[in-house]
Amino acid sequence: ALATGLTVVALRRALRRPSIRMRWDRGLLRLPRIGELVLLLDTARLTRTLAILARSGIPLLDALHVSRDTLGNQCLRQTVDRIAEQVTSGISLHRAMAESRQFSPTLLHMVASGEASGTLEPMLERIADTQEGTFNRRIDMALALFEPLMILAMGGVVLAIVLSIL
């Protein structure tokens, strides 16, 4: 318990350093299931915030800079900074997002559709709803798979107690 506590404290201190935090976040995105969940959650936050800000009349570049601060992953924050720079230079939002290679093809297609039709705000909101729904379904599925494992673990603990008494 002491070693675990010290490890957690050391990890928290190390993650305060920007270079270590960037490597940690990049590594999180590369993990098979966890990276997908982090990306889903952060893209939902990004698109929801962009939709709200765009609907209230804030220019896209300012909305990108504000939305960047809602992301928990430093690697994705850096990606949004690059997207904002590319949008400043005249590239469309969906092309800048596609060049980052961080976002799903469905998200890119919906952003392109929203830009082409002039309905970017509702499309961003729809993207956020889709991303959040996918995230919630995957978490529910993981928890549903975890329940039988917990029952087996508890059965093993009870078995060990009964065997030790015998």
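This is a predicted model: local features need pLDDT of at least 70, side-chain atom pairs count only at pLDDT 80 or more; totals for chains, interfaces and linings use all residues.
Reader: Is the crossing of H5 with H6 left-handed or right-handed?

Author: As H5 passes H6, the crossing is right-handed.

Reader: Which residues in H6 meet H5, and how many residues of the contact are charged?

Author: From H5 come Thr79, Ile83, Gln86 and Val87, and they meet Leu93, Ala96, Met97, Glu99 and Ser100 in H6. By class, the contact of H5 with H6 has five nonpolar and three polar residues, and the number of charged residues is one.

Reader: Where H6 and H7 cross, are they oblique or roughly antiparallel?

Author: Helix H6 (residues 93–100) and H7 have axes that come within 8 Å and cross at roughly 165 degrees. Angles over 145 degrees count as roughly antiparallel, so H6 and H7 are roughly antiparallel.

Reader: Which handedness does the crossing of H6 and H7 have, and which residues of H7 make the contact?

Author: The crossing of H6 and H7 is left-handed. On the H6 side the contact is made by Leu93, His94, Met97 and Ala98, and on the H7 side by Leu107, Leu108, Val111, Ala112 and Glu115.

Reader: How many residues in the contact of H6 with H7 are nonpolar?

Author: By class, one residue in the contact of H6 with H7 is polar and one is charged. The nonpolar residues number seven.

Reader: What is the relation between H3 and H4, oblique or roughly parallel?

Author: Helix H3 (residues 32–55) and helix H4 (residues 60–68) have axes 9 Å apart and pack at an angle of about 140 degrees. Their crossing is right-handed. H3 and H4 are therefore oblique.

Reader: Which residues in H4 meet H3?

Author: H3 brings Leu46, Thr49, Leu50 and Leu53 to the contact. By class, the contact of H3 with H4 has seven nonpolar, two polar and no charged residues. The residues in H4 are Leu60, Ala63, Leu64, Val66 and Ser67.

Reader: Which helix gives the largest share of the lining of the largest pocket?

Author: H3, helix H7 (105–117) and helix H8 (120–165) each supply at least two residues of this lining. The largest share, five residues, comes from H8.

Reader: What space lies in the largest pocket, and which residues lie nearest its centre?

Author: About 250 Å³ of space lies in the largest pocket. Its lining divides into six nonpolar, seven polar and two charged residues. Of the 15 lining residues, those nearest the centre are Leu39, Leu40, Thr43, Ser104 and Gln131.

Conventions:
Residues are numbered from 1 along each chain as its sequence is written. Side-chain values use heavy atoms; hydrogens and water are left out. Axes are lines fitted to C-alpha atoms, for helices over the stretch in contact, and angles run from 0 to 180 degrees between N-to-C directions. Helices (H or I, at least four residues) and strands (E, at least two) are DSSP runs, numbered from the N terminus. Angles under 35 degrees count as roughly parallel, over 145 as roughly antiparallel, 65 to 115 as roughly perpendicular and the rest as oblique. A crossing is left-handed if the near helix is turned anticlockwise from the far one by less than a right angle, and right-handed if clockwise. Contact means heavy atoms within 4.5 Å. Ala, Val, Leu, Ile, Met, Phe, Trp, Tyr, Cys and Pro count as nonpolar, Asp, Glu, Lys and Arg as charged, and the others, Gly among them, as polar. On a 1 Å grid over the protein atoms alone, a cavity is a set of points where a 1.4 Å probe fits but cannot get out, and a pocket is an open set with protein on both sides within 12 Å along at least five of seven lines; lining residues have an atom within 4 Å of a point. Grid points are joined across faces, edges and corners, and a volume is the space filled by probe spheres set on the points.
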